[in-house]
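Welcome to this guided tour. Keep your viewer open and follow the stops one by one.

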Amino acid sequence: MSRSGHRRMLLVSTNYAPEHAGIGPYATQIAEHWADLGHETHVLAGMPHYPAWSLEPEYKGAFRRTEQRAGVTVHRRAHTVPRRQTAVKRALFEGSILLHGAVAPPRMPRPDAVLAQMPSLAGGVLAARLAARWKVPYVPVVQDLMGAAAAQSGISGGDKAAVIAGRAEAYALKRATLVGVIHETFVDRVVGMGVDPKKIRLVPNWSHVSVPTKPRGETRHHLGWAPGETVVLHSGNMGLKQGLEVLVGAARLDPSVRFVLMGDGSQRAALSDLAADVPNLDIIPPAADGEFPDILAAADVLAVTQHAAVLDMSVPSKLTSYFQTGRPVVASVAAEGGTAQEVERSGAGVLVPPEDPEALLKAVRALAEDPEGADALGAAGPRHVAAHLSREAGLARIDALIDEALGGPRP
């Protein structure tokens, strides 16, 4: 240990606060939790850009920056920020992270352990190399599988990218002391990359948002949603794998139902063009952290969508937020995938076939026609969070993972 009872920790995560979507909040809460425990905590991160894929204004022109955030020392390194996602541009993004992190690693004393948040392939490789240089335990937590993502998401050039990404992923994972995965559907692929099954630990994500505090009617009035209007809300990244065209298609089928896409991402402009003649579909910016839970709770139905090909590469982090708000979820996803498993496990939603606007709209109408049943379904979400997805439980699992990597007992 670096000091009596305390550790010096390095977390490598391309995404970090002030990013408020995706894996950024999880990386931030882990690091701030360690700092609260008295550990000297460092983070190697990129410049804030997600989910808009545009640099935050205050970071434009920054090349390297070290800052203090909530007791955490954050070492930021510049990288490319592609507005349009193609395999080549994604490779340049990852390559710029790897190159800058390799030539300018964080200036800090030797840590006790290194934790990496993947899907950043570059972050995983950097963390593995830094841990090897320092001869300390290295623990990646797999949030998404990038090789599978390239193959399943529909990105241009995805087949070739999948091969390259898979090799980088295998490099980062095979060098780990232990590997955390957020969902059991990831295990077979991780083992297929050459990782000993005995090294894999399940560390599910937690609900990182607070509970709603305002009356639903007040928030709906503020947003311009009529009291009797059925509102379907999708929140989060607007990328290729989400397949959000299904919501545009459903909106075309029933002008009386309002569909709202809240967030940002590489496909936002394309979706805006696609929905230009759909008056009952709104695309709005991401909510401020303080308003986010109340806006989710004000909707009648929360939507999660994925392309039919997305099976075992991603479980949307938005689900943990959805469950917290007490509204029913309609999941337009492959029935055999991890997302469907999580919705079924929660008891807080219904599944419909992916890429099927009619099936999605039918489920929304059924919930609208049975408000008591919809409320009962939604109420299962907070119960599921309390039992399985609390922040305390999630952070305790991360702590146990690090404890074991440092030679402690397996939990």
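Where is W53 found? Select W53 and you will land in the loop between strand 2 and strand 3. Helices (H or I, at least four residues) and strands (E, at least two) are DSSP runs, numbered from the N terminus.

Before going further, note that this is a predicted model, in which local features need pLDDT of at least 70, side-chain atom pairs count only at pLDDT 80 or more, and totals for chains, interfaces and linings use all residues. Residues are numbered from 1 along each chain as its sequence is written, and side-chain values use heavy atoms, with hydrogens and water left out.

**Stop 1: around W53**

Stay on W53 and look at its backbone: phi is near 55°, a positive value in a residue other than glycine. Most residues other than glycine have a negative phi, and most peptide bonds are trans. Is W53 buried or exposed? W53 counts as buried because its relative accessibility is 6%. Here buried means under 20% relative accessible area, exposed over 50%, and partly exposed in between (1.4 Å probe, protein chains only).

Now select P51, which lies in the loop between strand 2 (40-45) and strand 3 (64-69). The peptide bond from Y50 to P51 is cis, with omega near 10°.

**Stop 2: A70**

Move on to A70, in the loop between strand 3 and strand 4 (72-77). A70 is not a glycine, and its phi is positive, near 50°. With 51% relative accessibility, A70 counts as exposed.

**Stop 3**

The peptide bond from A17 to P18 is cis, and its omega is near 15°.

Next, select helix 1 itself. Its 13 residues should span 18 Å at 1.5 Å a residue, and the end C-alpha atoms are 18 Å apart, which agrees. The expected span is 1.5 Å times one less than the number of residues. Eleven of the 13 residues are buried, so helix 1 is largely enclosed by the rest of the structure. Colour some of these buried residues, including Y26, I30, H33 and W34.

What covers the buried residues of helix 1? The cover includes strand 1, strand 2, strand 4, strand 5 (113-118), helix 11 (318-324) and helix 15 (391-405). Contact means heavy atoms within 4.5 Å. Just after helix 1, find G38, where phi is positive at about 100°.

**Stop 4: helix 2**

Select residues 87-103 to see helix 2, which has 17 residues and reaches 24 Å from its first C-alpha to its last, close to the 24 Å expected. Its buried residues include R90, F93, E94 and H100. G101 is also in helix 2, and at 3% relative accessibility G101 counts as buried.

**Last stop: the whole chain**

Zoom out to see the 15 helices and 14 strands of the protein chain. Along its principal axes, the C-alpha trace spans about 60 × 40 × 40 Å. Buried residues make up 60% of the 411 residues. Among contacts between residues at least 6 apart in sequence, 71% join residues at least 24 apart.
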